[in-house]
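Me: I'm new to reading protein models and would like a close look at one single part. Could you pick a residue, and then show me how the rest of the chain is built around it?

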Amino acid sequence: MATDLATRKVDGSALAGRALAAAGARHMFGVVGIPVTSLASRAAAAGVRFLAFRNEQSAGYAAAAYGFLTGGPGLLLTVSGPGCVHGLAGLSHATANAWPLLMISGSCSQPDAGKGDFQELDQIAATKPFVKLAIKATTIADIPRLVFHALAATVAGRPGGCYLDIPSDVLHQTLTESEAAALIDAAAADSAKSDFSPPKHISLDEGIQKAAELLRHAERPLIVVGKGAAYAKAEEAIQKLVDTTGIPFLPTPMGKGVVPDTHPLSATAARSLAIGQCDVALVIGARLNWLLHFGEPPKWSKDVKFILVDVCEEEVELRKPHIGLVGDAKRVTELINREIKDQPFCLARSHPWVEAITKKAKDNVLKMDAQLAKDVVPFNFLTPMRIIRDAILAKGSPAPIVVSEGANTMDVGRAVLVQNEPRTRLDAGTWGTMGVGLGFCIAAAVAEPDRLVVAVEGDSGFGFSAMEVETLVRYQLPVVVIVFNNNGVYGGDRRSPDEITGPYKDDPAPTSFVPAAAYHKMMEAFGGKGYLVETPDELKSALSESFHARKPAVINVIIDPYAGAESGRMQHKN
Ligand code: ADP
């Protein structure tokens, strides 16, 4: 046996697969081909399930969402050159959203680099703008150390994308079983020694005291909950903070569910009032970027004092808040809770600020409910969204994971769909990336196998990665994809007459698709279940059957092409 280990050979692909397994990886998303096909099956043999996609772009989005949902890095495997370029979509998306992802790509053989080799590309240079770390294994012995190092770097500080390049000659090099085991052991031991824990701010203690003081004396305090808080699994601490202080909270789109949407202190339906009039805002795991109107007037009051909780020191420095608390959202919120416990305070429900928020929210909910109560046929966006909301709520706990993209579909879905559990909403995110939907669905289904996954997609968003319905069927994942089909981007052809001139005036509008496209048949083509629905009863029956079956399904919902607005709520930017 000992002699066997001393002589039996392990190649670079097997070594990479084993190193990934030893570092704790459980799933990898990607597309195989030269030179990484063997790496995928070797990794699977070592215990890392490989989810084979139809395009690296979707696989990359899957790996990004997996990082957010699990808190561990998502893994993306691509071939060289064009595969790596397709993978950049997911890699950059992960970094933009501060989610951990490691992309591993094969690359051309080192001795042939510079000669125009098959799929040759300087992949380190190509990935560098989008990552925290881009490294290359130049010999097989590098692999275990770099795998451990790159995985750890994805979650260190602000989470994000990292890249590991393994040239094809390195994948084919060999060493013995005992050398392989020793290298993996050494890499694991080294990695255990490195400290990737969130930075400890020197003045955190003092900052916590000041933050608690500021909240205690605020007249109109607000807690903003971002997806960084969801990632940090800070739900228990934040719910406690809201409950003990009585301060209203406002989630960002993917911060929804950290505190249940149905909580009486939710300011979601009174968003403009809450951000426009609060005097102190405790922002936990959310950037003051475009999604939060940069934290500036006119949306925010010019005198608002921000307390910013973020794991990233540069982020806090950039925004120059009144108080910056650099650290993990869960840990910092627990410290604030502890500080408040010594001198507790709680805004009564009759406090003028709380009353103003809850009254405004109630009024707005009543207005929305009146709209939602109508059964409008042909469907607008609201009627089917209400039916979907009710079907999702009827599932109870564990709540389904909702994936959402599209302009109007995502906007309306964010307002109507209810998130009562953390990390149950995945959408276009910080970059407003369309095409993420199917990849997100696959990641959600493998990361959270007990939950149903329900995608509510515009037809345009769905089209970016629709071929992945085959992937859903191949792995028999419990995913129901609902397509809001309104014939194109924003609803097909909405050009004014002066736009329909010139030599190509008979071409279809840039925004339009084939009308009433049979998207459900794409799913049927692979053996999944397809539904075409045009009425409330048809939709209810399709949802009931597909939610119960927990099998891949596409529900093609025909929407009035004149419903909804161009660019959804982003018209000022179009
Ligand atoms: P949202 O889109 O919900 O507004 P953003 O993506 O803008 O959220 O911001 C999320 C923030 O959370 C990022 O600035 C990121 O650095 C931060 N973050 C990530 N992980 C943690 C963590 N564990 N604790 C605190 N902040 C975190």
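Reply: Happy to! Let's begin with A394, which counts as exposed because it has 10 C-beta neighbours inside 10 Å. The cut-offs work like this: a residue is buried if 20 or more other C-beta atoms lie within 10 Å of its own, exposed if 12 or fewer, and partly exposed in between, with C-beta atoms placed from the backbone. A394 lies in helix α17, residues 382-394. Helices (H or I, at least four residues) and strands (E, at least two) are DSSP runs, numbered from the N terminus. A394 and L347 are 47 residues apart along the chain, and 33 Å separates their C-alpha atoms.

A word on what you are looking at. This is a predicted model, in which local features need pLDDT of at least 70 and side-chain atom pairs count only at pLDDT 80 or more, while totals for chains, interfaces and linings use all residues. Residues are numbered from 1 along each chain as its sequence is written. The average pLDDT (the predictor's confidence in each residue, from 0 to 100) is 95 for the chain, and 96% of the residues score at least 70. The model's ipTM is 0.99 and its pTM is 0.96.

Now step back from A394 to the chain. The chain has 23 helices and 19 strands, and its C-alpha trace spans about 80 × 65 × 50 Å along the principal axes. Of the 574 residues, 53% are buried.

Inside, the largest nonpolar core has 186 residues, and A62, A65, V147, V283, I284, C441 and A444 have the most contacts within it. Such a core is a set of buried Ala, Val, Leu, Ile, Met, Phe, Trp, Tyr and Cys residues joined through C-beta atoms within 7 Å. Take A65: leaving aside neighbours within four places in sequence, A65 is in contact (C-beta atoms, placed from the backbone, within 7 Å) with L426, G439, F440, A443 and A444. Across the chain, among contacts between residues at least 6 apart in sequence, 78% join residues at least 24 apart.

Finally, look at the ligand. There are 25 residues around the ligand, and G226, G228, A232, T252 and R287 come nearest; being near means that a residue's C-beta atom, placed from the backbone, lies within 6 Å. Helix α11 (227-231) and strand β12 (305-310) each supply at least two residues of this shell, and the largest share, three residues, comes from α11.

Terms used:
Two residues are in contact if their C-beta atoms, placed from the backbone, lie within 7 Å.
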